[in-house]
Amino acid sequence: MIKKGILIENGNWKSSKVDELMDWLVHAAENEGIELQRIKNDELLVIIEDGQGRVDHPVLEKVDFVLFWDKDLLLARQLEAIGIRVVNSAQAIEWCDNKMKTHQVLAGAGIPMPTTVFAPFIYSNMKRSNWTYLDQVIAKLGFPMVVKEAFGSFGQQVDLVGNREELEAWVLKVNGRPHLYQKYIAESHGEDLRLNVVGGKLVAAMKRTSKTDFRANVTLGGRMEPYQASKEEEDLAIRVSKILGLDFAGVDLLQTAEGPLVCEVNSNVHFKTLYECTGVDTAIHLMRWIKSGERIG
């Protein structure tokens, strides 16, 4: 029996790169005998009526799964509530979308990560007026220090500050947006590993390096090469994916003399550069995982 699914994308995000990725997923599904239809999130309205939540759209009447390539968590949760399998789940996407939540969940399982301090919460319509907490941050992490907004992709909203003046200027720039402070790992400057995991198995890995930036992201000019992950790195990436409940993930690791550290985990992971680097088509692995009917955890 042919599996039928819908691929949910954001209705207001216009990008040729996104279109290419969506078409790639649809084509991979076709190759695996799966019918996958692209649907925009604003075509699927969550409606609460008579004490019940629902999503009205005829496409949902005969669908086996939803491949959720968006961050509309309320829609994802409502689809799950009406009994549809969502890949990745709303919970997994939420944990990965917010870097602070990612670190907090993984810390509960003892996962090795760089020392991290969360910025105290303030309301969005306020400006930070109490700066004394930065004394503790500096005492814990020192300089240089990595600073990251909780939400962001492709290495954006991530900076390296070298003194208190730069730190305060960066905090003023982000204002009330959630962010964190992190220990700078000098031995991994301009280097990281990207491990793609699907269905609890490592499918491909690459090493990214940059000679001009402490961030190794390819979108920021980093170079990539195929990488043979060690058993420790592979086990760590798989464990992290399972803890976060991810059907598929891109796990970014930093290499240190004491062993790998988890830097970030991506739920809606882009895989074109990995394919160009390794020749491994993550989309095919994902479709085979969905077709198997197996689940994480």
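Helix 5 (residues 133-141) packs against helix 6 (residues 164-174) at an angle of about 125°, and their axes are 12 Å apart. That angle makes helix 5 oblique to helix 6. Keep in mind that this is a predicted model.

**Helix 5 and helix 6**

- Two packed helices are described by the angle between their axes and the distance between the axes.
- When helix 5 and helix 6 cross, the crossing is right-handed.
- On the helix 5 side, the residues that make the contact are Tyr133, Leu134, Asp135 and Ile138, and they meet Arg164, Leu167, Glu168 and Val171 in helix 6.
- Sort the residues of this contact by type and you get five nonpolar, no polar and three charged.

**Helix 3 and helix 4**

- Helix 3 (residues 90-97) and helix 4 (residues 99-107) have axes that come within 5 Å and cross at roughly 105°.
- Angles from 65 to 115 degrees count as roughly perpendicular, and helix 3 and helix 4 are therefore roughly perpendicular to each other.
- Which residues of helix 3 meet helix 4? They are Glu94, Trp95, Cys96 and Asp97, and their partners in helix 4 are Lys99, Lys101, Thr102 and Val105.
- This contact of helix 3 with helix 4 splits into three nonpolar residues, one polar and four charged.

**Aromatic rings**

- The structure holds six aromatic pairs.
- One of them is Trp69 with Phe248: the ring centres are 5.3 Å apart and the planes sit at 15°, so this pair is stacked.
- That pair links distant parts of the chain, with Trp69 in the loop between strand 5 (65-68) and helix 2 (73-81) and Phe248 in strand 14 (residues 248-254), 179 residues apart.
- Buried or exposed, what are Trp69 and Phe248? Trp69 is buried, and Phe248 is too.
- Trp69 also pairs with Phe271, this time edge-to-face, with 6.4 Å from centre to centre and 85° between the planes.
- Phe271 lies in the loop between strand 15 (261-266) and helix 8 (272-278), while Trp69 lies in the loop between strand 5 and helix 2, so their pair ties together parts that are 202 residues apart in sequence.
- Like Trp69, Phe271 is buried.

Notes:
Residues are numbered from 1 along each chain as its sequence is written. This is a predicted model: local features need pLDDT of at least 70, side-chain atom pairs count only at pLDDT 80 or more; totals for chains, interfaces and linings use all residues. Side-chain values use heavy atoms; hydrogens and water are left out. Axes are lines fitted to C-alpha atoms, for helices over the stretch in contact, and angles run from 0 to 180 degrees between N-to-C directions. Helices (H or I, at least four residues) and strands (E, at least two) are DSSP runs, numbered from the N terminus. Angles under 35 degrees count as roughly parallel, over 145 as roughly antiparallel, 65 to 115 as roughly perpendicular and the rest as oblique. A crossing is left-handed if the near helix is turned anticlockwise from the far one by less than a right angle, and right-handed if clockwise. Contact means heavy atoms within 4.5 Å. Ala, Val, Leu, Ile, Met, Phe, Trp, Tyr, Cys and Pro count as nonpolar, Asp, Glu, Lys and Arg as charged, and the others, Gly among them, as polar. Rings of Phe, Tyr and Trp (its six-membered ring) pair if their centres lie within 6.5 Å; planes under 30 degrees apart count as stacked, over 60 as edge-to-face and the rest as tilted. Buried means under 20% relative accessible area, exposed over 50%, partly exposed in between (1.4 Å probe, protein chains only).
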